[in-house]
Amino acid sequence: MSVLFGDQRWPQLQAAIESNALVILPIGQMEEHGPHLPVSTDATIADAVGLRLAEKLTEEGIRTLVLPAVWTGYSTKDMTHWPGTMRIRPQVFMDLVFDVCSSLIEMGFGKLMLLTCHGHHTGALRVVTRQIADAHDVYMALVSPGSLAAERFQEIRKSGRGGSIHAGEYETSLMLHLGGPVDMTKATDEDAMRYHSDFVAGDNFFGGQRVFWSTWGLQKSKTGAYGDPTVATAETGRDMMEAMVENTAAFAREFMSA
């Protein structure tokens, strides 16, 4: 049985609605990722996590469908210094996600989970989840799989603090694991984050900043990356993918039983 939403015929979707199926919407971005990673990195990772999560949950008896990843949204203007970054106005991006989720709710789905794999979207998506609750009395879940696997990454990482912010060890390892078009001969640690603070996390993707202060304002990137991708390996990527799927699945079970 396919877990892809787009593979379903309407009677199959009706059956999924009647069984209170979970619908997953992965959310990525199309943006430059340094000279060594493809501009599709965030969307590729989002698609992979969403598919593997849906397959795992379905095997466990939780009917789950996954939509294609939202492949573009908001990125800071700093990233347009290098070709490849699509910039959707934040409100347009929020309206897109709101309307997709509203469509699902109008069909009859009541359990929706957003998987965000792009840091710039976190604040906007939190607002959308509240807007959906106000409009439809449906309380979606917003999950960052990378954040849920942060502890595992700290155990296996090879880079130091500041080595995995944007196109660093974490994302490069995942893309190596997924077999993406990665050119490690172009990877460099030139843009490892040198700024450290007790208030601003050294790897803000994982650390859960207590103070928000944009990386792009802290240190100007020369390559379009932040971190140290030179130490990335497919093995690290495999371990991270497994941790992201396992930990997100653990939350999904809780979400579906609430």
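## Salt bridges

A salt bridge is a side-chain nitrogen of Lys or Arg within 4 Å of a carboxyl oxygen of Asp or Glu. In this predicted model, K56, E60, E246 and R253 are linked in a network of such salt bridges. The structure holds eight salt bridges. One of them joins the side chains of R253 and E60, with an N to O distance of 2.9 Å. Because R253 belongs to helix α10 and E60 to the loop between α2 (41-59) and β2, this pair ties together parts that are 193 residues apart in sequence. Both ends are partly exposed: R253 has a relative accessible area of 30%, and E60 has a relative accessibility of 37%.

A salt bridge is also formed by K220 and D78, whose closest N and O atoms are 3.5 Å apart. This pair likewise links distant parts of the chain, 142 residues apart: K220 is in the loop between α9 (215-218) and β6 (226-227), and D78 is in the loop between β2 and α3. K220 is exposed, at 57% relative accessible area, whereas D78 is partly exposed, at 31%.

The salt bridge between E155 and R152 has its closest N and O atoms 3.1 Å apart. Helix α6 (residues 150-156) contains both residues, which are three residues apart, about one turn of the helix. E155 is exposed, with a relative accessible area of 54%; R152 is partly exposed, with a value of 30%.

## The parallel sheet and its helices

An open sheet is formed by four strands in the order β2-β1-β3-β4, with parallel pairing. The edge positions are taken by β2 (64-66) and β4 (141-143); each has a single partner strand, so one side of each is left without a neighbour in the sheet. From one strand to the next, the twist averages 25°. Strand β3 (residues 111-116) runs parallel to β4 and is joined to β4 by three bridges. L115 has V143 of β4 as its bridge partner.

Two helices that lie across strands of this sheet are α3 and α10. Helix α3 (residues 90-107) lies across β1 (22-27) and β3, at about 165° to β1. Helix α10 (residues 234-257) lies across β1, β3 and β4, and runs at about 155° to β3. R253, described above as a partner of E60, is located in helix α10.

E171 is situated in helix α7 (residues 169-178).

A polar contact of 3.4 Å connects the side chain of E171 with that of H33. Apart from neighbours within four places in sequence, the residues in contact with E171 are H33, L37, T41, D42, I45 and H166.

Not counting residues up to four places away in sequence, W82 touches E32, W216, S221, K222, T223 and G224.

W82 and T230 are 148 residues apart along the chain, and their C-alpha atoms are separated by 20 Å.

How values were computed
Residues are numbered from 1 along each chain as its sequence is written. This is a predicted model: local features need pLDDT of at least 70, side-chain atom pairs count only at pLDDT 80 or more; totals for chains, interfaces and linings use all residues. Side-chain values use heavy atoms; hydrogens and water are left out. A polar contact is a pair of N or O atoms within 3.5 Å; within protein, one must be able to donate a hydrogen and the other to accept it, and residues adjacent in sequence count only if both atoms are side-chain atoms. Contact means heavy atoms within 4.5 Å. Two strands pair if DSSP finds at least two bridges between them. Axes are lines fitted to C-alpha atoms, for helices over the stretch in contact, and angles run from 0 to 180 degrees between N-to-C directions. Buried means under 20% relative accessible area, exposed over 50%, partly exposed in between (1.4 Å probe, protein chains only).
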